[in-house]
Amino acid sequence: MKPHLVAQWVILPEEDAAFVAAMEEVLELYQKPLDTSVPVVNMDEQPVTLRDDIRDPCPGKPGQVKRVDNEYKRNGTAQLFVFTEALSDWRRVSVRERRTAVDWAEEVKVLLDEVYPNAKRVILVCNNLNTHKLSSLYKAFCEEEAQRLSSRLEIVYTPKHGSLLNIAEIELSVLTRQCLCRRIPDIETLRRETKAWEARRNSEAKQVD
């Protein structure tokens, strides 16, 4: 089953042509059949605030739910990178301390060299963040390595103010509801919990509708 999206936007008159052009490019891409030599992968990012309990929660018992004190301790933030190939019912979650151009480039290298080492080219659908550029590869790696990676990467951008067209945003929404709807105290716990979520969702071959 192919993924499909139904949404409405209010498009500013001076931006409608650019919006529609980008939207049509993305939607046309989503209609293509699965091609393992040129996979279509979506990616998105999301910050996570790390919070720890100051007082131990009171465990639940029959007739009474678990009780948690409203006060908590902030332990900084982390950044989620989510990659998903909707036609293969696959996704990957990576946790980093920040989301710089170098972080994005290193994630792309993993995608190309470890996840899709045999693909001729990877089409990456993402939004218009300033780090989501081929130039980020040149910031992170030597020129020869950056050129090698960029030659196998094709970036397709969702329209500005239309990030809902990015399937990875839907995966992030599911991840937030199923895994991040509670306090997570540190980055190692976040890595462990998101990897468990990723493994379960992949094993069940969950689709995006």
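## Helix 5 and helix 6

A crossing is called left-handed if the near helix is turned anticlockwise from the far one by less than a right angle, and right-handed if clockwise. By this convention, helix 5 and helix 6 form a right-handed crossing. The model is a predicted one, in which local features need pLDDT of at least 70, side-chain atom pairs count only at pLDDT 80 or more, and totals for chains, interfaces and linings use all residues. Residues are numbered from 1 along each chain as its sequence is written, and side-chain values use heavy atoms, with hydrogens and water left out.

Two packed helices are described by the angle between their axes and the distance between the axes. For helix 5 (residues 167–179) and helix 6, the axes come within 11 Å and cross at roughly 115 degrees; axes are lines fitted to C-alpha atoms, for helices over the stretch in contact, and angles run from 0 to 180 degrees between N-to-C directions. On the helix 5 side, Glu-171, Val-174, Leu-175, Gln-178 and Cys-179 take part; they meet Glu-193, Thr-194, Trp-197, Arg-200 and Arg-201 of helix 6. Contact here means heavy atoms within 4.5 Å.

## Overall architecture

The protein has six helices and five strands, taken as DSSP runs (helices H or I, at least four residues; strands E, at least two) and numbered from the N terminus. Read from the N terminus, the order of elements is α-β-β-β-α-β-α-α-β-α-α. Among contacts with a separation of 6 or more, 73% join residues 24 or more positions apart.

Of the 209 residues, 41% count as buried (under 20% relative accessible area, with exposed over 50% and partly exposed in between; 1.4 Å probe, protein chains only).

Asp-89 is located in the loop between strand 2 (72–85) and strand 3 (90–96). Asp-89 counts as buried because its relative accessibility is 18%. No salt bridge is found for this buried residue, and Arg-91, the nearest side chain of opposite charge, is 5.9 Å away; a salt bridge requires a side-chain nitrogen of Lys or Arg within 4 Å of a carboxyl oxygen of Asp or Glu. Leaving aside residues up to four places away in sequence, Asp-89 touches Asn-202, Ala-205, Lys-206 and Gln-207.

Ala-205 belongs to the segment after helix 6 (187–203). At 37% relative accessibility, Ala-205 is classed as partly exposed. Although not a glycine, Asp-89 has a positive phi of about 55 degrees; Ala-205, also not a glycine, has a positive phi of about 50 degrees.

Conventions
Lys, Arg positive; Asp, Glu negative; His and termini not counted.
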